[in-house]
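Here is a briefing on one protein model, arranged by topic. Please look over the sequence and the model before reading on.

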Amino acid sequence: GEYQREERKTVHAAVRFLQQNAVPSGLQKRIRDTMQEILQHEHGQQTLRNIGEHLSVSVRDELTLAMLGRSLRQCGFFRLITDIPMARVCRVCTTSFHGPGDMLFLPGEDAVG
């Protein structure tokens, strides 16, 4: 619907800018793909916030556990944590999106956060 039209306009404007500034085509593709993923992620996060506004705290916590807990459990460190401690972890977590190949920290650098 309307969200997809806005997303296409945003990505199209970015691609046009990159082409006008002679950015290499491989980098243009990576930027376009990353922008599309980021915009979809942001839309999903906004939808989740909108849903959460209408829920009680306990139901919102259950939803967060169901969605974020599933993602966290993909990491071995969190795999065996039961629901109650995992719900506490989920309550204090923030999410951010990083595209494929993004450098989160450099080799030899402390991974803070």
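This is a predicted model: local features need pLDDT of at least 70, side-chain atom pairs count only at pLDDT 80 or more; totals for chains, interfaces and linings use all residues.

Residues are numbered from 1 along each chain as its sequence is written, and side-chain values use heavy atoms, with hydrogens and water left out.

**Nonpolar core**

- Seven residues make up the largest nonpolar core: Leu65, Leu68, Leu72, Phe78, Met86, Ala87 and Cys90.
- A nonpolar core here is a set of buried Ala, Val, Leu, Ile, Met, Phe, Trp, Tyr and Cys residues joined through side-chain atoms within 4.5 Å; buried means under 20% relative accessible area, exposed over 50% and partly exposed in between, with a 1.4 Å probe and protein chains only.
- Helix H3 (57-72) and helix H4 (83-92) are the elements that give two or more residues to this core.
- Helices are DSSP runs (H or I, at least four residues), numbered from the N terminus.
- In soluble globular proteins, nonpolar side chains tend to be buried together.

**Packing of H3 and H4**

- The axes of H3 and H4 come within 9 Å and cross at roughly 90 degrees; axes are lines fitted to C-alpha atoms over the stretch in contact, with angles from 0 to 180 degrees between N-to-C directions.
- H3 is therefore roughly perpendicular to H4, a label for angles of 65 to 115 degrees.
- The buried residues of H4 are Met86, Ala87 and Cys90. They lie on the same side of H4 because they cover an arc of only 105 degrees around the axis, taken from the directions from the helix axis to the C-beta atoms.
- These buried residues of H4 pack against H3, where contact means heavy atoms within 4.5 Å.
- Leaving aside neighbours within four places in sequence, Met86 contacts Leu65, Gly69, Leu72, Arg73, Phe78 and Ile81.
- Exposed Ile84, Arg88, Arg91 and Val92 sit on the face of H4 turned away from its buried side.

**Aromatic pair**

- One aromatic pair is found in the whole structure. Phe77 and Phe78 form this edge-to-face pair, 5.1 Å centre to centre with 85 degrees between the planes.
- Rings pair if their centres lie within 6.5 Å, and planes over 60 degrees apart count as edge-to-face.
- Phe77 is exposed at 67% relative accessible area, whereas Phe78 is buried at 17%.

**Loop residue Ala22**

- Ala22 lies in the loop between helix H1 (2-20) and helix H2 (25-52).
- Phi of Ala22 is near 55 degrees, a positive value in a residue other than glycine.
- Most residues other than glycine have a negative phi.
- Ala22 is exposed, with a relative accessible area of 64%.

Definitions and conventions:
Rings of Phe, Tyr and Trp (its six-membered ring) pair if their centres lie within 6.5 Å; planes under 30 degrees apart count as stacked, over 60 as edge-to-face and the rest as tilted. Angles under 35 degrees count as roughly parallel, over 145 as roughly antiparallel, 65 to 115 as roughly perpendicular and the rest as oblique.
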